[in-house]
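The sequence and the structure come first.

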Amino acid sequence: MRMETSVTGGGSNPGKIMFYLGLLFVVIGAMVGLGGVVGAFAMGDPGATLFGLFFVVMFCGIGGFFAKMGYDSMHASDDVLAEGAAYLGKIFDYAPDYQILMNGQPCITLVVRYFMNGQIREARVNTGEVTAARYPRGATVAIRVLNDMAAIVPGSVSSTTIERENDLMNPDFDPSGMASSVGVSCPNCGANIVVPLGMSRFCPYCDTKVSVSSDGRLLA
């Protein structure tokens, strides 16, 4: 079995903050800068007029840049939720994202594992929240994926059991070492299953954890 990764979904609260902060910069730049330009022009001061124009361009340019980034972030998940393919997955882990801060605290990024065409995939989704209280490890969640972007379906976190969830939550699945697999017989029920070399998976028939060595030998 092979594991691949997909990237983060957007549309969180930090995007809204960035959008409105950018608009604030644009408004301040336009009002203060243009006011200074008009006053300098009325006094016949070319230097002050140029400085006012520079102030307008700088503040409006910076503000426009942040506003666009925030707008794109706010609406990224809208497109994913509207057009993306739907999957049920498990919240495998989460970690702080120090690139996105709210009140000085990092927002939480979820690692959601799900199956796509029989392969385990990982989606990393920003929650826009600074705690993971609403996203416990092992919970089931509905996600949508579009063009390597992922978004959580609002209100979908639950304790629902899904097929092969033990495989999804198995920490022995390593994204960096899943190129080769071997077919073995389950030591408990005798079913034929495929296990990555040097790793393990749970038998889909009796739920026994089956491990193999890096050279393909079944481990007791």
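Strand β10, residues 209–212, is joined to β11 by two bridges. The two strands run antiparallel. Val 212 has Leu 218 in β11 as its bridge partner. The model is predicted.

β10 and β11 belong to an open sheet of three strands. The order is β9-β10-β11, and the pairing is antiparallel. β9 (200–202) and β11 (218–219) are the edge strands. Each has a single partner strand, so one side of each has no neighbour in the sheet.

Next, a hairpin. β5 and β6 form it, with two residues between them. In the turn, Asn 147 has a positive phi of about 50 degrees. The β5 and β6 strands pair in the antiparallel sense over four bridges. Leu 146 stands opposite Met 149 in β6. β5 is mostly covered, with five of its seven residues buried.

| Strand | Residues |
|---|---|
| β5 | 140–146 |
| β6 | 149–152 |
| β9 | 200–202 |
| β10 | 209–212 |
| β11 | 218–219 |

Which residues have the most contacts inside the largest nonpolar core? They are Ile 91, Leu 110, Tyr 114, Ala 123, Val 141, Ile 143 and Ile 152. This core has 16 residues. β3 (105–116), β4 (119–126), β5 and β6 each give two or more residues to this core. The largest share, five residues, comes from β3. A second core is separate and has eight residues. Among them are Val 184, Ala 191, Val 195 and Val 210. In soluble globular proteins, nonpolar side chains tend to be buried together.

Now the cysteines. How many disulfides does a search of the whole structure find? The search finds zero. Cys 189 shows why for one pair: the closest cysteine sulfur, in Cys 203, is 3.7 Å from its own sulfur, too far for a bond. The cut-off for a disulfide is a sulfur pair within 2.5 Å. Cys 189 has a relative accessible area of 39%, so this residue is partly exposed. Cys 60 also counts as partly exposed, because its relative accessibility is 24%. Both values are judged against limits: buried means under 20%, and exposed means over 50%.

Note on methods. Residues are numbered from 1 along each chain as its sequence is written. This is a predicted model: local features need pLDDT of at least 70, side-chain atom pairs count only at pLDDT 80 or more; totals for chains, interfaces and linings use all residues. Side-chain values use heavy atoms; hydrogens and water are left out. Buried means under 20% relative accessible area, exposed over 50%, partly exposed in between (1.4 Å probe, protein chains only). Two strands pair if DSSP finds at least two bridges between them. A nonpolar core is a set of buried Ala, Val, Leu, Ile, Met, Phe, Trp, Tyr and Cys residues joined through side-chain atoms within 4.5 Å.
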